[in-house]
Amino acid sequence: LKIPGKEKPNALADKIRIPDWWHKGDLKESEIKTRTKLLDTYKKCNHADPTFDLDGDGVVSSREYFLAKRFDADHDGKLNEKEKAAAVNAINNGYEDLFKWNVEKEGAQRNKRLIQVRGQIIDSEDFSPIRDTYPKHPLTNHIP
């Protein structure tokens, strides 16, 4: 039941809790008073840590960031020695081949069809990789 003059005029008047993962320890919730300050804090959280540099060239590329995030087991935004060794080992063993890279450069003008079916990336019209995802039928080797 709404009583005129008794309901809250603004739903946003209540204090909004800012997620802890937006903080890097240098700002407290009480220090964020403007939207600009909030967005600056949010941007700090999205910068890649230098430990994400997997090839050692001093720059964290978008590909390295994507791969390193998958190996950050403790989700602290940094790769420790164990995580980095696992990432480098996986990349050396062909982990990058599981992904299709640079698709966004071709855009909507892409002349080949690209879809993902049952965890397999299908490029063009070759659907043969899908066969490996289905289990063998129990009667496959049955001779009548």
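Student: Which residue in β2 is the bridge partner of I115?

Tutor: I115 has I122 as its bridge partner in β2. Before we go on, note that this is a predicted model, where local features need pLDDT of at least 70, side-chain atom pairs count only at pLDDT 80 or more, and totals for chains, interfaces and linings use all residues. Residues are numbered from 1 along each chain as its sequence is written, and side-chain values use heavy atoms, with hydrogens and water left out.

Student: What makes β1 and β2 a strand pair?

Tutor: The rule asks for at least two bridges found by DSSP between two strands. Here 4 bridges join β1 (residues 114-117) to β2 (residues 120-123). So the two strands count as paired. They run antiparallel. Q116, for its part, stands opposite I121 in β2.

Student: What do β1 and β2 form together, and how many residues lie between them?

Tutor: They form a hairpin with 2 residues between them. In the turn, R118 has a positive phi of about 50°.

Student: How many helices and strands are there, and what counts as one?

Tutor: Helices are DSSP runs of H or I with at least four residues, strands are runs of E with at least two, and both are numbered from the N terminus. That gives 3 helices and 2 strands. Their order from the N terminus is α-α-α-β-β.

Student: Why is H75 called exposed?

Tutor: Exposed means over 50% relative accessible area, buried means under 20%, and partly exposed is in between (1.4 Å probe, protein chains only). H75 has 68% relative accessibility, so H75 counts as exposed. H75 lies in the loop between α2 and α3. Its phi is near 55°, a positive value in a residue other than glycine.

Student: How much of the protein counts as buried?

Tutor: Of the 144 residues, 18% count as buried.

Student: What makes up the largest nonpolar core?

Tutor: A nonpolar core is a set of buried Ala, Val, Leu, Ile, Met, Phe, Trp, Tyr and Cys residues joined through side-chain atoms within 4.5 Å. The largest has 10 residues: F52, L54, L67, A68, F71, L79, A87, A90, Y95 and F99. The elements that give two or more residues to this core are α2 (62-71) and α3 (81-92). Helix α2 gives the most, with 3 residues.

Student: Which residues does A68 touch, leaving out those up to four places away in sequence?

Tutor: A68 touches F52, L54 and L79. Contact here means heavy atoms within 4.5 Å.

Student: Why is the pair of F52 and Y65 called tilted?

Tutor: Rings of Phe, Tyr and Trp (its six-membered ring) pair if their centres lie within 6.5 Å; planes under 30 degrees apart count as stacked, over 60 as edge-to-face and the rest as tilted. The structure holds 4 such aromatic pairs. For F52 and Y65 the centres are 5.7 Å apart and the planes at 45°, so the pair is tilted. F52 lies in the loop between α1 (35-45) and α2, and Y65 in helix α2, so the pair ties together parts 13 residues apart in sequence. F52 is buried, at 1% relative accessible area. Y65 is partly exposed, at 28%.

Student: And what makes F71 and Y95 an edge-to-face pair?

Tutor: Their ring centres are 5.2 Å apart and their planes at 65°, so the pair is edge-to-face. F71 sits in helix α2 and Y95 in the loop between α3 and β1, 24 residues apart. F71 has a relative accessible area of 18% and counts as buried. Y95 is also buried, at 19%. Ring pairs link F66, F71, Y95 and F99 into a cluster.

Student: How do you know that R63 and E96 form a salt bridge?

Tutor: The rule wants a side-chain nitrogen of Lys or Arg within 4 Å of a carboxyl oxygen of Asp or Glu. R63 and E96 meet at 3.3 Å, N to O. So the pair qualifies. By this rule the count comes to 1 salt bridge.

Student: Where do R63 and E96 lie?

Tutor: R63 lies in helix α2 and E96 in the loop between α3 and β1, so the pair ties together parts 33 residues apart in sequence. R63 is partly exposed, at 29% relative accessibility. E96 is partly exposed too, at 21%.
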